[in-house]
Amino acid sequence: MGSRPSAASTTYIPATVAPTIFQSVVPEEDFARAAKRIQELKTEREAAKAERYAEIGTPEEIRARMDKRNKVTEAAYESSLPEPEIDYTAGLDPARLNNLDTFLTKLVERRQGKGKASASVSAPVSAPKIDSADAVRKAIQAPAPKVAPRPAPAPRPAPAPAPAPRPTLYNDGKWGSKWGAGSYSTEELRKRFGLAYSKELEEEAKTRRSAGMYNEEGDIWGKSSTGKDVYLGKAHQGLYGNEELISGHARQADAGEKIHKDRGENLSSIGDRAGGIWNVWKRD
């Protein structure tokens with residue numbers, strides 16, 4: 001029996017269509033921007049390298065420092081090694097010294113100066129006669145000769161005496177007569193003649209006085225009626241022309257001393273100025 005024929009089929013083929021091609025185009029300015037950025041990175045890298053070299057040096061400088069350091073290390077190591085030991089058998093023939101007795105005998109002979117001496121063998125002044133190996137051993141083990149003791153060192157010279165203390169300008173017998181017989185108390189004296197005074201100035205004056213400086217820096221010291229040193233104050237340069245102090249200086253001047261009042265002159269020294277002040281102070 002035959003089968004029923006199938007219905008006819010139709011095949012559709014689409015028409016051929018040309019493909020669409022896409023192409024990416026990079027603008028020229030992007031290439032320029034990228035090249036510029038690469039150049040900036042190179043510049044930054046070179047700057048960082050230069051900064052690093054400035055801090056620690058270039059590779060050549062680092063290598064040179066390492067070479068110097070290695071040389072110093074090697075030299076330090078070499079200097080720390082112990083000195084070579086002295087060979088007292090230098091120059092001896094081992095073939096002929098075939099036993100201990102012969103070796104010791106030859107060694108002692110060298111020390112006595114009988115054999116050919118070498119620079120490394122020191123010969124004693126004297127040594128006992130060698131008759132046997134036992135004598136050799138005893139000679140070697142004998143105690144070293146006594147050495148005369150070193151003389152005592154000469155005594156050191158005595159230190160130079162300290163300089164005599166610098167004399168003050170108020171250490172004579174004028175107190176109570178020509179000095180300290182005036183009418184001004186200490187406070188009145190300071191106000192009258194403008195003598196600068198404070199505890200700080202007095203402490204500074206004490207420091208100078210302990211160093212032997214009594215009337216430097218304008219310091220005026222006096223001696224009270226009880227014998228106590230009194231810091232009257234710091235005098236100024238204007239007091240050299242003060243009429244009252246010029247008169248006070250004339251009243252306490254020594255015989256033969258120049259009287260500035262009679263000459264119509266100002267006081268000429270710190271001693272003149274101090275003497276005028278001491279004359280008008282009443283030493284309270």
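User: How many of the five residues of strand 1 are buried?
Analyst: Helices (H or I, at least four residues) and strands (E, at least two) are DSSP runs, numbered from the N terminus. A residue is buried when its relative accessible area is under 20%, exposed when over 50%, and partly exposed in between (1.4 Å probe, protein chains only). Strand 1 is mostly covered, and the number of its residues that are buried is four.

User: What kind of model is this?
Analyst: Residues are numbered from 1 along each chain as its sequence is written, and side-chain values use heavy atoms, with hydrogens and water left out. Local features need a pLDDT of at least 70, side-chain atom pairs count only at pLDDT 80 or more, and totals for chains, interfaces and linings use all residues, since this is a predicted model.

User: Which element of the protein has the highest mean pLDDT?
Analyst: The pLDDT is the predictor's confidence in each residue, from 0 to 100. Its average over the protein is 78, with 73% of the residues at 70 or above. Helix 4 (residues 133-141) has the lowest mean among the elements, 62, while the highest, 93, belongs to helix 5.

User: Over which residues does pLDDT stay under 50?
Analyst: Where pLDDT is low, the predicted coordinates should not be read in detail. A contact means heavy atoms within 4.5 Å. The stretch in question has 16 contacts beyond four places in sequence in the model, and it covers residues 117-128.

User: In which sense do strand 1 and strand 2 pair?
Analyst: Two strands pair if DSSP finds at least two bridges between them. Here the two form a hairpin with five residues between them, and glycine 227 in the turn has a positive phi of about 90°. Glycine 222 has valine 230 as its bridge partner in strand 2, and lysine 223 has aspartate 229. Strand 1 and strand 2 are joined over five bridges, and the sense is antiparallel.

User: How many aromatic pairs does a search of the whole structure find?
Analyst: Rings of Phe, Tyr and Trp (its six-membered ring) pair if their centres lie within 6.5 Å; planes under 30 degrees apart are stacked, over 60 edge-to-face, and the rest tilted. The search of the whole structure gives a total of four.

User: What is the angle between the ring planes of tyrosine 197 and tyrosine 231?
Analyst: The two rings form a tilted pair, 6.1 Å from centre to centre, and the angle between the planes is 40°. Distant parts of the chain are linked by this pair, 34 residues apart: tyrosine 197 is in the loop between helix 5 (186-193) and helix 6 (199-210), and tyrosine 231 is in strand 2 (residues 229-234). The angle itself is 40°.

User: Which arginine lies over the face of tryptophan 221?
Analyst: A charge sits over a ring if NZ of Lys or CZ of Arg is within 6 Å of the ring centre and within 35 degrees of the ring normal. Over the face of tyrosine 197, at 3.7 Å from the ring centre, lies arginine 190. For tryptophan 221 the distance is 4.6 Å, and the residue is arginine 209.

User: How wide is the arc that the buried residues of helix 5 cover around the axis?
Analyst: The buried residues of helix 5 are Thr186, Leu189, Arg190 and Phe193. They are on the same side of the helix because the arc they cover, taken from the directions from the helix axis to the C-beta atoms, is only 95°.

User: Which residues are exposed on the other side of helix 5?
Analyst: The cover over the buried residues of helix 5 includes strand 2, helix 7 (243-252) and helix 9 (270-280). On the other side of helix 5, the exposed residues are Lys191 and Arg192.

User: How far apart in space are histidine 249 and glycine 275, C-alpha to C-alpha?
Analyst: Histidine 249 is found in helix 7 and is buried, with a relative accessible area of 0%. Its contacts beyond four places in sequence are Glu257, Lys258, His260, Leu267, Asp272 and Gly276. Histidine 249 and glycine 275 are 26 residues apart in sequence, and their C-alpha distance is 5.6 Å.
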